[in-house]
Amino acid sequence: MKKHYYEIKVEWTGNEGNGTLNYKSFNRNHKIMADGKYDGIKGSSDPSFLGDKTRYNPEDLFLSSLSACHMLWYLHLCSVHKIVVTEYLDNATGLMEETKNGSGKFTEVTLNPKVKITDWNMIDKANELHGQANKMCFIANSCNFKIRHNPNTTAE
């Protein structure tokens, strides 16, 4: 079995002078970096947890990882099946539920890819490949909940 190793750096940049003295004494800002990447990603927590709404939060990044992984597998499968995709846009949604103790988890994600292909005759096959992409997606395979797909495929 082939193994892939990933390394990422997350640096907290939110110390406002008193560290984590209390829940409101610090901000949740951080930077996500990796060696050899063009730039860092500015992160924070969700505004519900005193985060900066202008920065990406872990939940945004989780949802975008699912969406991007699905898209990359889908595009690969389309190329293998000779389906020419000219546009792909996903407006993914996710639901995270908090528990009484403050923890939480995602309970559902829906991918809503809007895909444009060149051949009307391949629309059914193009839609079918979303199921295969879900089975191949590394991130989806790491989740403990079902990921739904609502594809909207058109041809030029």
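How many aromatic pairs does a search of the whole structure find? The search finds five aromatic pairs, where rings of Phe, Tyr and Trp (its six-membered ring) pair if their centres lie within 6.5 Å, and where planes under 30 degrees apart count as stacked, over 60 as edge-to-face and the rest as tilted. Two of these pairs are set out below.

| Ring pair | Distance between centres | Angle between planes | Class |
|---|---|---|---|
| Trp12 and Phe26 | 6.0 Å | 85° | edge-to-face |
| Trp73 and Phe138 | 5.8 Å | 85° | edge-to-face |

The structure is a predicted model, in which local features need pLDDT of at least 70 and side-chain atom pairs count only at pLDDT 80 or more, while totals for chains, interfaces and linings use all residues. Residues are numbered from 1 along each chain as its sequence is written, and side-chain values use heavy atoms, with hydrogens and water left out.

**Confidence**

The predictor's confidence in each residue is given as pLDDT, on a scale from 0 to 100, and the chain averages 94, with 100% of the residues scoring at least 70. Within the chain, confidence is lowest in strand S1 (residues 9–12), with a mean of 91, and highest in H2, at 97. Helices (H or I, at least four residues) and strands (E, at least two) are DSSP runs, numbered from the N terminus.

Accessibility is sorted by relative accessible area, where buried means under 20%, exposed over 50% and partly exposed in between (1.4 Å probe, protein chains only). Trp12, at 41%, counts as partly exposed, whereas Phe26, at 19%, counts as buried.

The other pair in the table ties together parts that are 65 residues apart in sequence, because Trp73 lies in helix H1 and Phe138 in the loop between H2 and S8. Trp73 is buried, with a relative accessible area of 19%, but Phe138 is exposed, at 54%. Elsewhere, ring pairs link Phe62, Phe106 and Phe145 into a cluster.

**Two open sheets**

Strands are said to pair if DSSP finds at least two bridges between them. Strand S7 (residues 113–117) runs parallel to S9 and is joined to it by four bridges, and Lys116 stands opposite Thr154 in S9.

Strand S5 (residues 93–98) and strand S6 (residues 104–111) are antiparallel and pair over six bridges; Thr93 stands opposite Thr110 in S6, and the bridge partner of Glu98 is Gly104. The hairpin of S5 and S6 has five residues between the strands, and there Gly102 takes a positive phi near 95°.

**The nonpolar core**

A nonpolar core is a set of buried Ala, Val, Leu, Ile, Met, Phe, Trp, Tyr and Cys residues joined through side-chain atoms within 4.5 Å. The largest such core has 24 residues, and those with the most contacts inside it are Leu66, Tyr74, Val109, Ile117, Phe145 and Ile147. H1, S6, S7 and H2 each supply at least two residues of this core, and H1 gives the most, with seven residues.

Leaving out residues up to four places away in sequence, Phe145 touches Phe62, Leu66, Phe106, Thr107, Glu108 and Val109. Cys78, in helix H1, is buried, with a relative accessible area of 1%, and with neighbours up to four places away left out, Cys78 touches Ile83, Val85 and Leu129.

Key:
Contact means heavy atoms within 4.5 Å.
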